[in-house]
Amino acid sequence: MARPAHRRPGQSRKAQYSLFAAYVVAMTGAVAGLLLAVLSVADPVGFAQLRVASQEITAPIARGTRSVIGSISGIDDTVGAYVSAGSQNRRLRRELADTRRQLVATSSLQEENRQLKALLKLQETTKEAVANGYLLTSTSTSSKRIALLSIGRNVGVVAGQPVRGADGLIGRVLSSGPSVSQVLLLTDIDNIVPVRRARDGLPALAYGRGNGDLDIRTLNIANNPFKPGDILVTSGTGGLYPPNIPVAIVARRQDDGALARPLADPGKVDAVSVLRPYTPDNIEAQPLPAAAAPPASVGTRAP
Amino acid sequence: MNQKGPRLGEPASLWRMRIVPIATVMVGSALPLMLPLIANSPVVPPLGLLFFLCWQLLRTEMWPVWIGLPLGLWDDLFSGSPIGTAVGLWTIASIAIHYISQRIYWRGFFHDWAIGALLLGLVQATAALITHPEAHTGRVLGLVAPQIIISALLVPLFLRLTGKFDNFRLKRR
């Protein structure tokens, strides 16, 4: 049982004033804080440096715990997997069968594609990555999905660069510090990625839901063209994300589009590559693969 | 008070009395970013906020009412929500606790639990709504609802933990 508070300061004027002042400071500070919050929602870049600086402090500890424990991949996922094990098993079997069939079809297409490319003497333009790193940790108590990347300005990571794993898109760099940087994950509510369906190039937008899934919405609302199993890749529209990075697989249809799961799970991905932002300048800068000299940065090749 | 026999004139060190509560809140706020945990949804209970509320429920007079300003700023740096959210909301929560402690003179265990859970839910829900002003309100609340339920159930545990820390804080030499 909590002891009752003795908030009555008695006759002492000094005690009365200091109590009053404490309340004035608290109220003013609370209002100022909320105004600041609204401001920093409107201008997220302004305070990002402050935050990334504070995370430089905890990053060494995160590196240490990661090397000791390894990465704990999404505990919510693990719990969810137990709850829905039966239905998940059925669904996975079905998906596996579908995927096998598709794989056969795709492998023949790939061969055909290779031959056609050889005929055209067309080379695949390899996307140079700025750098490779790994995800240290992420925010887990707030509704914002921000992960901490183990590399920062020391290897040329700056805000706005897309980040991908081996399986697909992870997100984009929000701000970078001297040795760590923050990545806004694909599934954050504020992250919108222009995508297209890999099969036929149907354009759509992927909205994060904040709980690990994505909402896919087409520009054409009249009919809902999505089917479970559709693969979505980045379209490159609007710049930033380079085209043809795998993004998500449609899990089920919804009234206004589809629900999709990201192909790359940030909790399970081992290493990630920070890519150059895809801009029109970038496209013009590499008209011929032979003419484009490899940039003399510390960058390593993307997987 | 002390079963082993009080040693007069030797209270706990002033530094320990002041630092222990603040340190628990600060470590609680920063801990999720020290663990190699990559969460796809807000599942981890807000440890800093839990300790903050529990300390105030246990020792309402220990801190001045503006203590939420610095501790909230520290939490904002790590939680990912826009800077200023916890500064404002934590301070309002501590004003609420001070107000309630004058209304309900002798608070019991269930009072503390109810107050803690209510304030925690309000703070987390409002913080989520401030973070995503353009998103659908119901969806944002649905996103933080599991976390609020888990945290509300954890309040008694954290009250006990805070009590343990309080014993350590006031332990005589």
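Predicted model: local features only at pLDDT ≥ 70, side-chain atom pairs only at ≥ 80, totals over all residues.
**Stop 1: chain A as a whole**

Select chain A, which has five helices and 14 strands. Of its 303 residues, 35% count as buried. Take the contacts in chain A between residues at least 6 apart in sequence: 61% of them join residues at least 24 apart.

**Stop 2: helix α4 of chain A**

Now select residues 85-120 of chain A, which form helix α4. From first C-alpha to last, this helix of 36 residues reaches 48 Å, close to the 52 Å expected at 1.5 Å a residue. Colour α4(A) by burial and the count of buried residues is zero, so the helix is hardly covered.

**Stop 3: Gln161 of chain A**

For a contrast, go to Gln161(A), in the loop between β4 and β5 (162-165) of chain A. Is Gln161(A) buried or exposed? It counts as buried because it has 22 C-beta neighbours inside 10 Å. Setting aside neighbours within four places in sequence, Gln161(A) touches Val130(A), Arg172(A) and Val173(A), and also the residues Val274(A), Leu275(A), Arg276(A) and Pro277(A). Show Ser273(A) as well: 112 residues separate it from Gln161(A) in sequence, yet the two C-alpha atoms are 10.0 Å apart.

**Stop 4: where chain A meets chain B**

Display both chains. Their contact takes 59 residues from chain A and 55 residues from chain B. On the side of chain A, the elements giving two or more residues are α1 (13-42), α2 (48-69), β1 (72-73), α3 (75-83), β3 (135-138) and β4 (146-149). Which of these gives the most? It is α1(A), with 13 residues. By class, this side of chain A has 28 nonpolar, 24 polar and seven charged residues.

**Stop 5: helices α1 and α2 of chain B**

From α1(B), show Pro21(B), Thr24(B), Val25(B), Gly28(B) and Ser29(B); from α2(B), the contact residues are Leu47(B), Gly48(B), Leu50(B), Phe51(B), Phe52(B) and Trp55(B). Seven of the residues in this contact are nonpolar, four are polar and none is charged.

**Stop 6: helices α1 and α6 of chain B**

Arg16(B), Met17(B), Val20(B), Pro21(B) and Thr24(B) of α1(B) meet Phe165(B), Phe168(B), Arg169(B) and Leu170(B) of α6(B). The classes here are six nonpolar, one polar and two charged.

**Stop 7: helices α5 and α6 of chain B**

The crossing of α5(B) and α6(B) is right-handed. Contact residues of α5(B) include Trp113(B), Gly116(B), Leu120(B) and Gln124(B), and those of α6(B) include Val140(B), Val144(B), Ile148(B) and Val155(B). The whole contact of α5(B) with α6(B) holds 15 nonpolar residues, six polar and one charged.

Note on methods
Residues numbered from 1 in each chain as written. Chains lettered and ligands numbered in written order. Helix = DSSP H or I, 4+ residues; strand = E, 2+ residues; numbered from the N terminus. Expected span 1.5 Å × (residues − 1). Buried ≥ 20, exposed ≤ 12 C-beta atoms within 10 Å, placed from the backbone. Left-handed = near helix turned anticlockwise from the far one by under 90°. Contact = placed C-beta atoms within 7 Å. Nonpolar A, V, L, I, M, F, W, Y, C, P; charged D, E, K, R; others polar.
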